[in-house]
Amino acid sequence: MHTRPFGTTGMQVSAIGLGAWQLGRSSHWPDGPDEAEAVRIVHAALDAGITFVDTAPGYADGRSEPNIGRALTGHRRNAAIICTKFGYLPDGTENWSSSAIEESVRRSAQRMNVDHVDIVVLHNPPPEILDGRRGDHYEVLQRLQDKGVIRAYGASVDWSADLDTVLSSSDSTAFEVRLSALYQEPWPAVARAHDRGAGTIAKVPLESGWLSGRYGADSVFTGVRERWSREDVAVRAGLVDELRALLPEGVSLLSGALRFLLSDDAVSTVIPGTRSVAQLHSSVAAVADGPLPTQTVAAIRAWYDERLAAQPLDW
């Protein structure tokens, strides 16, 4: 697993990170990993050369951070760059008060059994929190960075406009951005963030599993993915087939999806969700051959502009 610079922060992160939203059994993922399996997943990630772990207090109904803590006990801590979030509590409730930031970061570190958290981002905050001219959240985070409590801070966002708001109203150097071959709207702002020295974490890179190669027009979904009607499923399956046709012969959909994002230097790390060691190994193997050919990347960008840019789907 090769590493990439996280902007100009001085941190180096693995090209593939461990997305820990599903790292535990929860109301969203009742078949998610138990504590022992969660520890095995984290250990397998570290053994594979993954050095970046992304979590949040509320992930897996509050179980993600403690499971990471069980896995990182002892010498394993120094192998991981950890990113967590602020805004949602382990019980799923919200607290956006800037006065709660330091305590939230302290509790996250405590749950993960570490002495510090490397990166903290605001967790898709409401507009009045996102804009640093309307509150002091980024000032509090900057003070924590100045004290050495954290190494970088920023926000998790879904749109270029939101990323640009943070860029123009704070000194943030860490962004978690929804980005995939099927959702490319944020690319221009990601480039601007890169030019300013920020690191970007590409979240939801497989679009809830659509780009893993597991789903098609006949797929039936339950739980949080029941939101897709049969018509939605048919449309999405068709788009996935179109994307698959753009990939070079022998390149799987999973490999193409991850390598497409990593073909741009503005992306520091990509965090596919992982619920098993097998899924983890599949993601690691998928990027072994490095970025996609430049002509394939250009074709995927042009295809998106023609097919989806005018009206991006809610994946």
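Is Glu207 buried or exposed? Keep that residue in mind as we walk through this predicted model, and let us begin with the loop where Glu207 sits, between β9 and α8.

Glu207 is buried, with a relative accessible area of 1%. Its backbone deserves a look too: phi of Glu207 is near 45°, a positive value in a residue other than glycine. The loop between β9 (199-203) and α8 (230-246) also holds Val204, another non-glycine residue with a positive phi, here near 50°. For Val204 the relative accessibility is 33%; because buried means under 20% and exposed over 50%, Val204 counts as partly exposed.

Next, have a look at helix α5, which spans residues 137-146. Its buried residues are His137, Tyr138, Val140, Leu141 and Leu144. They lie on the same side of α5 because they cover an arc of only 155° around the axis. What covers these buried residues? The cover includes the strands β5 (81-86), β6 (119-123) and β7 (152-157), along with the helices α3 (101-111), α4 (127-130) and α6 (160-169). Just after α5 comes Gly148, which takes a positive phi of about 85°.

Our last stop is a pair of helices, α9 (residues 253-262) and α10 (residues 277-286), whose axes come within 8 Å and cross at roughly 65°. The crossing in which α9 passes α10 is right-handed. On the α9 side, the contact is made by Leu254, Ser255, Leu258 and Arg259, while α10 brings Ser282, Ser283 and Ala286. Sorted by class, this contact has 3 nonpolar, 3 polar and 1 charged residues.

Key
Residues are numbered from 1 along each chain as its sequence is written. This is a predicted model: local features need pLDDT of at least 70, side-chain atom pairs count only at pLDDT 80 or more; totals for chains, interfaces and linings use all residues. Side-chain values use heavy atoms; hydrogens and water are left out. Axes are lines fitted to C-alpha atoms, for helices over the stretch in contact, and angles run from 0 to 180 degrees between N-to-C directions. Helices (H or I, at least four residues) and strands (E, at least two) are DSSP runs, numbered from the N terminus. A crossing is left-handed if the near helix is turned anticlockwise from the far one by less than a right angle, and right-handed if clockwise. Contact means heavy atoms within 4.5 Å. Ala, Val, Leu, Ile, Met, Phe, Trp, Tyr, Cys and Pro count as nonpolar, Asp, Glu, Lys and Arg as charged, and the others, Gly among them, as polar. Buried means under 20% relative accessible area, exposed over 50%, partly exposed in between (1.4 Å probe, protein chains only). The arc is that of the directions from the helix axis to the C-beta atoms.
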